[in-house]
Amino acid sequence: MTRIPHTLQLTPFHPRTAPLIRGHTWRRWSGHAAASVYDWTHEHEYAAIRNAAALLDVSPLHKYRISGRDATRLLDRVVTRNVAKAAIGQVLYTGWCDAAGKLIDDGTISRLGEQEYRLTSAEPNLRWLHRNAFGLQVAIEEVSQALGALALQGPLSRAVLNAVAERPVDGLKYFRVMDNRIAGTDIQVSRTGYTGDLGYELWIPAAAALPVWDALVARGADYGLTPAGIWALDVARIEAGLVMLDVDYQSAHRAMIEAQMSTPFELALDWTVSFDKGPYNGRRALQAERERGPAWRFVGIEVNWDSFEALHTTVDLAPAVPAVAWRASVPVYRAGSQVGYASSGCWSPLLKKYLALAHLSAPHFDPDTPVELEVTVEHQRLRAAAVVRKLPFYDPPRKRA
Amino acid sequence: MTNRYDAIVIGGGHNGLVTAAYLARAGRKVIVLERRELLGGAAVSEQVFPGFTFSVFSYVVSLLRPEIIRDLELARYGLQILPLESTVTPLPDGDYLASWNDPDLTRREISRHSPLDAEAMIEFGRLMHHIARSVKPFLSLMPPDPTSLSLRDLRGMLKLGGHLESLGSERFHALYKLLTMSSADYLDEWFECEPLKATKSASGIIGSFLGPRSPGSAYVLLHHYMGEIDGAFRAWGFCKGGNGTVSNAIAAAARSWGAVLRTDAAVTQVLVRNGRATGVALETGEEFTAPVVVSGLDARRTYLELVAEKELPDELLEQVRRFRFRGSSGKVNLALSELPDFSCMPGIGPQHRGAFSISPSVDYLERAYDDAKYGGFSRRPYMDIVFPSMIDPGMAPPGAHVASIFVQYAPSAIDGGWTPARREAFGDTVIDTLAEYAPNLKSAILHRQVLTPADIQEKIGISEGNIFHGELSLQQLFFLRPAAHWAGYRTPIPGYYHCSSSTHPGGGVMGAAGRLAARAILEDA
Ligand SMILES: Cc1cc2nc3c(=O)[nH]c(=O)nc-3n(C[C@H](O)[C@H](O)[C@H](O)COP(=O)(O)OP(=O)(O)OC[C@H]3O[C@@H](n4cnc5c(N)ncnc54)[C@H](O)[C@@H]3O)c2cc1C
């Protein structure tokens with residue numbers, strides 16, 4: 001007999017993460033309870049991402065195992081990148097679109113074998129995959145619950161893994177995946193993440209989640225390993241200029257009107273759109289858009305500090321910067337008229353800059369374009385001078401090295 | 001001379017009251033004449049058994065037009081709509097299918113049955129939302145006559161065309177399907193999970209003599225999607241104090257503007273002089289005069305009973321005679337010593353704050369329809385069950401509860417007619433069926449009230465007991481409701497108007513017809 005669930009879904013790591021969370025700062029992530037922050041504030045957790053090693057429970061991601069004779073064909077029909085070209089052991093970041101070239105979701109595809117892949121996504125995509133699999137010989141299996149996932153991110157993440165995993169990860173290149181073992185459990189390690197730093201993601205059978213966590217935490221202590229929540233991740237991903245579904249764009253499957261949808265070009269994901277493969281969803285529309293040029297562009301915005309400070313000085317305040325990243329629609333102006341909107345922003349403790357991710361309309365999105373970001377100072381909506389920047393804001397060589 | 005008014009409304013159903021309130025607000029001297037001892041018609045709360053209050057007929061609200069709530073300040077007069085949060089469909093194998101108020105929870109629950117349906121649900125909801133949003137303005141629109149060339153009708157047709165055009169092709173095609181398909185076929189295009197399809201298709205059969213596989217049933221599905229509460233579409237709620245509170249709040253608003261509301265006043269005749277309506281006569285012989293007479297009764301009574309046939313064109317009489325009522329719904333109201341404990345989800349919990357739907361499969365519903373099609377009541381009926389006392393504790397004494405069970409099918413034209421014995425047999429069938437899912441039910445029943453279409457007709461006068469004052473089938477909607485050329489609340493008799501659910505946009509505790517009728521009357525003045 002089934003009972004009405006008493007809580008949100010819990011990840012396989014919940015027994016370990018729950019005792020760590022001091023302020024009961026849970027939030028929702030795909031129907032799961034996820035920590036916003038474990039400690040009182042997220043400063044230390046963010047610092048761990050950039051300075052040592054942070055451990056993030058990313059199990060709420062949706063995960064699909066796609067296998068069979070036509071697995072490659074299915075994925076190539078669905079996503080914008082060229083999957084057939086991926087080597088076994090390679091991981092691709094990609095988006096996928098509807099027929100009009102509007103982005104549905106984005107995620108990674110790990111090629112685990114000649115005919116076997118793992119796709120991750122932010123939202124459920126089983127139905128979309130099934131609909132595209134018509135007439136193909138392919139098995140699509142949702143493994144979201146069966147597979148726990150941890151992100152181990154930061155400059156010392158490699159050292160932590162080498163200390164804990166049976167096989168060294170030194171040879172694992174950026175966006176590659178390998179089999180490994182931790183605490184006697186077969187897992188997979190991919191050199192991927194959402195922080196723009198050196199980092200790995202671990203794909204762990206849910207049943208063995210706790211021993212793997214324990215092993216990482218036990219050995220990781222020597223390397224400053226710190227469990228981190230979404231607040232820390234949010235700052236890191238803004239510095240890295242990575243888009244987030246439901247924050248920076250809406251899925252074409254959820255948007256209520258066309259204006260709410262985005263194309264990969266508008267989101268500056270040009271590099272993920274392949275035209276050297278056969279037909280796929282949205283290809284024709286994307287081809288046309290490439291020729292035409294996108295109407296919008298996802299860019300970085302850097303607020304001019306002097307301007308920002310001056311707005312505060314007038315009311316006798318020191319500038320107040322958002323330590324926790326905001327996720328809201330904030331108007332961006334140029335020469336008095338609105339030219340777009342920012343969808344996330346935060347203070348970068350590393351770069352010492354107030355950053356935002358924004359959608360600007362043509363022709364205002366070229367790097368170094370002077371713009372203005374709306375800021376609210378003492379209940380007044382003002383505009384701070386800012387400048388368009390190419391993303392990412394922060395891109396340390398160790399990410400790929 | 002005290003019986004002189006600017007307008008007389010026949011029937012104190014919620015639509016009649018809405019018309020009266022708007023006319024009174026516009027400064028008219030109005031009287032409402034209601035046959036029963038209380039106002040509200042199908043939207044009443046009654047203490048059928050001491051201490052137990054029932055929404056005797058209609059029991060949930062969602063279609064009530066927000067503009068009426070605002071215009072008449074109904075919140076000030078006691079209207080409070082409480083959330084109805086979930087629907088649980090118990091299944092014969094001991095499992096259940098539930099939809100909760102939270103999208104994550106619902107997705108997780110539906111995934112247990114079909115992961116694909118859990119995702120389809122989101123897209124389906126989005127499409128229905130869009131269609132309902134585009135069609136919704138029609139609810140507040142006086143139906144234009146497409147065959148007329150008057151400026152008003154042409155403007156209306158233009159507006160209508162504009163709404164349809166704004167749909168875009170994908171949604172227009174979906175709307176076309178909704179208008180033409182059966183709810184089962186329509187849902188088959190989206191879902192695979194049987195109880196999910198059945199529970200959804202149940203909204204397509206409510207109030208009609210149609211099965212889920214009858215073409216046309218998909219439209220009623222849409223009709224039910226048009227409800228909104230606080231801007232949220234497809235949200236159903238409970239009215240605190242029962243649905244009588246809706247009527248009482250409207251009545252209070254009408255009184256605040258000076259309307260006179262009289263109960264125990266059965267109208268037998270609309271007085272017509274020189275082809276114009278001049279007043280009404282009551283059963284008692286008492287007469288009231290007014291230049292405006294509005295019927296809040298169904299089309300059959302409005303045209304075939306209250307006025308002489310000679311006053312009306314044959315072509316209209318023909319259409320009204322053919323207007324389909326065919327009541328198919330019954331109601332069982334229970335006073336309970338304790339809540340039913342459903343074996344699929346043991347214990348008393350949040351599930352009791354929502355609805356239970358006995359709709360395990362489309363076949364089950366279609367079989368229930370088959371029984372009715374051939375002259376009987378369903379041996380295993382579809383039921384929609386709610387426990388208003390779980391949400392509004394004032395509905396029953398502390399610890400005790402009330403249940404409201406909406407049942408289909410109970411055909412008005414049952415073989416042999418509705419006798420007291422047949423009514424009780426129908427009641428027994430309902431209880432027996434429900435007790436299979438909640439074994440403690442029978443011992444918990446303190447009192448029961450069983451209403452067949454014949455009872456609905458007798459108590460509140462709706463012909464053949466059709467809950468919507470005539471089926472909501474396509475040939476009886478919009479500019480055909482209740483009859484071609486006479487869908488604009490006006491009748492061929494100057495001064496005589498029609499404001500009940502038999503007019504556009506049809507049945508449900510919605511008030512839209514009453515409001516539009518008031519507008520037509522004020523336009524003519
Ligand atoms: C059992 C049942 C369940 C329902 N469930 C729901 C629900 O849950 N939600 C929903 O939205 N809708 C529901 N409905 C439909 C909805 O209640 C009706 O469509 C709506 O209330 C009808 O309102 P009305 O004002 O048009 O007519 P009525 O409510 O029928 O009003 C007509 C009034 O006229 C009076 N009358 C009749 N003859 C005379 C006469 N000769 N002289 C004077 N007065 C007369 C009657 O007594 C009555 O008060 C249900 C209906 C029924 C019957």
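**A strand pair and its surroundings**

Mentor: Start at B:Thr87, which stands opposite B:Ala355 in S17(B). This is a predicted model: local features need pLDDT of at least 70, side-chain atom pairs count only at pLDDT 80 or more, and totals for chains, interfaces and linings use all residues. Residues are numbered from 1 along each chain as its sequence is written, chains are lettered from A and ligands numbered from 1 in the order in which they are written, and side-chain values use heavy atoms, with hydrogens and water left out.

The two strands here are S6 (residues 87-90) and S17 (residues 355-358) of chain B, paired in the parallel sense over two bridges. Pairing requires at least two DSSP bridges between two strands. Strands (E, at least two residues) and helices (H or I, at least four) are DSSP runs, numbered from the N terminus.

Now widen the view. In chain B, seven strands make an open sheet with mixed pairing, ordered S7-S6-S17-S18-S19-S16-S20. S7 (96-99) and S20 (445-451) of chain B are the edge strands; each has a single partner, so one side of each lacks a neighbour in the sheet. On average, neighbouring strands of this sheet are turned by 20° against each other, direction ignored.

What lies across S6 of chain B? Helix H8 (residues 194-202) of chain B does, and it also lies across S7, S17 and S18 (382-386) of that chain. H8 of chain B runs at about 125° to S6(B). Axes are lines fitted to C-alpha atoms, for helices over the stretch in contact (heavy atoms within 4.5 Å). Angles run from 0 to 180 degrees between N-to-C directions. Helix H17 (residues 453-460) of chain B also packs on the sheet, touching S16 (329-336) and S20 of chain B. The direction of H17 makes about 80° with that of S20(B).

Elsewhere in chain B, S3 (residues 45-49) and S4 (residues 52-55) pair in the antiparallel sense over four bridges. B:Phe49 stands opposite B:Phe52 in S4(B). These strands, S3(B) and S4(B), form a hairpin with two residues between them. In the turn, B:Gly51 has a positive phi of about 90°.

Some backbone details deserve a check. B:Gln408 and B:Tyr409 are joined by a cis peptide bond, omega about 10°. B:Tyr409 sits in the loop between S19 (401-408) and H15 (420-437) of chain B. In chain A, a cis bond joins A:Ala362 and A:Pro363, omega about 0°. A:Pro363 lies in the loop between S17 (353-361) and S18 (370-377) of chain A. Most peptide bonds are trans.

Last, the interface. The contact takes 26 residues from chain B and 25 residues from chain A. About 2100 Å² is buried between chain B and chain A, with carbon and sulfur atoms giving 54%. Buried area is the accessible area (1.4 Å probe) lost on putting two parts together, summed over both. B:Arg108, B:Glu119 and B:Arg126 supply 29% of what chain B buries against chain A, more than any other three residues. The rule finds four salt bridges across this interface (Lys or Arg side-chain nitrogen within 4 Å of an Asp or Glu carboxyl oxygen). The side chains of B:Glu123 and A:Arg131 meet in a salt bridge, at 3.5 Å, N to O. H3 (103-113) and H4 (115-139) of chain B each give at least two residues to the side that touches chain A. H4(B) provides the largest share, nine residues.
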